[in-house]
Amino acid sequence: MYNPRSLKAEEFICHEEILDTLAYATANKDNLPLVNQIIDKTDSCKGLSHREAAVLLLCEDQQALSRIFAQATKIKQEFYGNRIVMFAPLYLSNYCVNGCTYCPYHMKNKHIPRKKLTQEEIRREVIALQDMGHKRLALECGEDPVNNPLDYVLESIKTIYSIKHKNGAIRRVNVNIAATTVEDYRKLKEAGIGTYILFQETYNKAQYELLHPTGPKHDYAWHTEAMDRAMQGGIDDVGCGVLFGLNLYQYDFVGLLMHAEHLEAVHGVGPHTISVPRLRNADDIDASTFANGISDALFQKIVAILRIAVPYTGLIVSTRESKKTREMVIKYGVSQISGASRTSVGGYADGGEEEDSSQFEVSDNRTLDEVVHWLLKLGHIPSFCTACYREGRTGDRFMSLVKSGQIRNCCLPNALMTLKEFAEDYASEDTKRLALQMIEKEAASIPNEKVRDTVFRHLHDMDGGMRDFRF
Ligand code: SAM
């Protein structure tokens, strides 16, 4: 029944295949020659199958684990260098008709204040985000065809792209909204979105149906097949993820990789990003009542194995995680993080005063300047780059750039030039000093002489007030 090329959810995320995979992994988790052979295979940066990755996930041998972490660190460095792409979520509306048992926006929650931003309020949110230095957003919205129809999302995207405040601009809007039709995905594509993000929450159908007892999201197949419809609608950058804590992590880890294999098999390109959210406390949600929470150590192991299993896929971690955890997972493979996030509707312009409409508690409450400062101190390059999708490098065109190793001549310059914008326009004196040092040092390491000269010229032009250079 398992068929990665099928367009039917229950065939490409085949329950029996996941169970067989976990049985195979259990039988082989102490088979060290096989474990080492799988780790060796990641040297070629061609990734791993879901079966191979599952063996590593279940293996508890300390030496093997050290090798996995070392390999993840190496692959991260090879493809992403020390760049970390920055973004912020923007909550448009928390009206929702679904009954998700883990999310405080569920319909039965009668006491959470329901809010939907007007276009004027969106302007205020976007200006607040621009004033921090953000260039890339992830739009978040509950599912409610009456209060938050697609036209509202489309209008909001238009508003966001239109706002030019001082030197600020939002140059890439990613969208995390409920599963929808091919037609709607086409409209989102035409509106100029970057990545379409949809978390699967869990790949286990029975568990999925229990966790989503009511509302359109209850339909497992509709939700699981959403990425195929998005790709049919012309969106070739899609972002997957599961919400760790809802179901057995081993099952969802295998499901996630099978989903990636399916997208690659059918559309020729896997997910652009994978997010690794963990369940958090929220308004009427007590995360400790969910039995499947995972430890920090396990979380790091999952990130490291994902890094070596899908080397070309960006890994995203949000402010659901603490500074300490983020520091670890950045090392082992995370390539994008959010900063200074508010998970409430209207939370940026109101300065976080009214947190009561928030979706979950954040663990990292630092300002964007503090996050940028911290990354620089750790030797990372915070990047506000949005160039790829604006240059049409999406889907497989993006993947071939990564695979060809041209990253140092393209992504590195873009990271440095956008960091320079942040340093000049938004950073504190201390952060600016660190950023300029980093830019000077890294720009000198750009391999291609022509590109290097151009970067130095653009950096100089930026001192004169020019902005938005990109390769
Ligand atoms: N409404 C959209 C949908 O149905 O997919 C997505 C938007 S929702 C704002 C974004 C994600 O937040 C969800 O997909 C879910 O994984 C996550 N989320 C919900 N409740 C959470 C909680 N209590 N802790 C952490 N993450 C949560």
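The legends below describe close-up views of a predicted model.

**View 1. Strand β5 and its parallel neighbours, β4 and β6.**
Strand β5 covers residues 238-241 and is covered on both faces. V238 and C240 lie on one side, G239 and G241 lie on the other, and all of them are buried. Strand β4, residues 193-197, runs parallel to β5 and is joined to β5 by two bridges. In this pairing I197 stands opposite G239. Strand β6, residues 273-275, also pairs with β5 in the parallel sense, over three bridges. Between β5 and β6 the chain passes through helix α12, residues 249-267, in a right-handed β-α-β crossover.

**View 2. The largest nonpolar core, around L188.**
This core has 156 residues. L90, L188 and I337 are the residues with the most contacts inside the core. Residues up to four places away in sequence aside, L188 touches L150, V153, L154, I157, V175, I177, I193 and I235. Another core, of five residues, lies apart from the largest one and includes F87, A138, I197 and I316. In soluble globular proteins, nonpolar side chains tend to be buried together.

**View 3. The largest pocket and its lining.**
The space in the largest pocket is about 310 Å³. Its lining is made of 19 residues, and E264, G270, V310, Y312 and T313 are the ones nearest the pocket centre. Helices α12 and α17 (395-403) are the elements that give two or more residues to this lining. The largest share, four residues, comes from α12. Helix α12 is also the helix through which the chain crosses from β5 to β6.

**View 4. The largest cavity, one of five of 30 Å³ or more.**
The volume of the largest cavity is about 740 Å³. Its lining has 44 residues, of which E140, N176, F199, R320 and Q359 are closest to the centre.

**View 5. I112 in its loop between β1 and α6.**
The loop that holds I112 runs between β1 (83-93) and α6 (119-132). I112 counts as buried because its relative accessibility is 4%, below the cut-off of 20%. Neighbours within four places in sequence aside, I112 is in contact with N94, P104, Y105, D283, D356, S357 and S358. L378 is 266 residues from I112 in sequence, and the two are 39 Å apart in space, C-alpha to C-alpha.

**View 6. C45 and E201, two residues with positive phi.**
Most residues other than glycine have a negative phi. C45 is not a glycine, yet its phi is positive, about 55°. C45 is found in the loop between α3 (32-41) and α4 (50-58). With a relative accessible area of 6%, C45 is buried. E201 is not a glycine either, and has a positive phi of about 70°. The loop between β4 and α9 (205-211) is the place of E201. E201 has a relative accessible area of 8% and is therefore buried.

Notes. Residues are numbered from 1 along each chain as its sequence is written. This is a predicted model: local features need pLDDT of at least 70, side-chain atom pairs count only at pLDDT 80 or more; totals for chains, interfaces and linings use all residues. Side-chain values use heavy atoms; hydrogens and water are left out. Buried means under 20% relative accessible area, exposed over 50%, partly exposed in between (1.4 Å probe, protein chains only). Two strands pair if DSSP finds at least two bridges between them. A crossover is right-handed if, with the strands pointing away from the viewer, the path from the first strand over the helix to the second runs clockwise. A nonpolar core is a set of buried Ala, Val, Leu, Ile, Met, Phe, Trp, Tyr and Cys residues joined through side-chain atoms within 4.5 Å. Contact means heavy atoms within 4.5 Å. On a 1 Å grid over the protein atoms alone, a cavity is a set of points where a 1.4 Å probe fits but cannot get out, and a pocket is an open set with protein on both sides within 12 Å along at least five of seven lines; lining residues have an atom within 4 Å of a point. Grid points are joined across faces, edges and corners, and a volume is the space filled by probe spheres set on the points.
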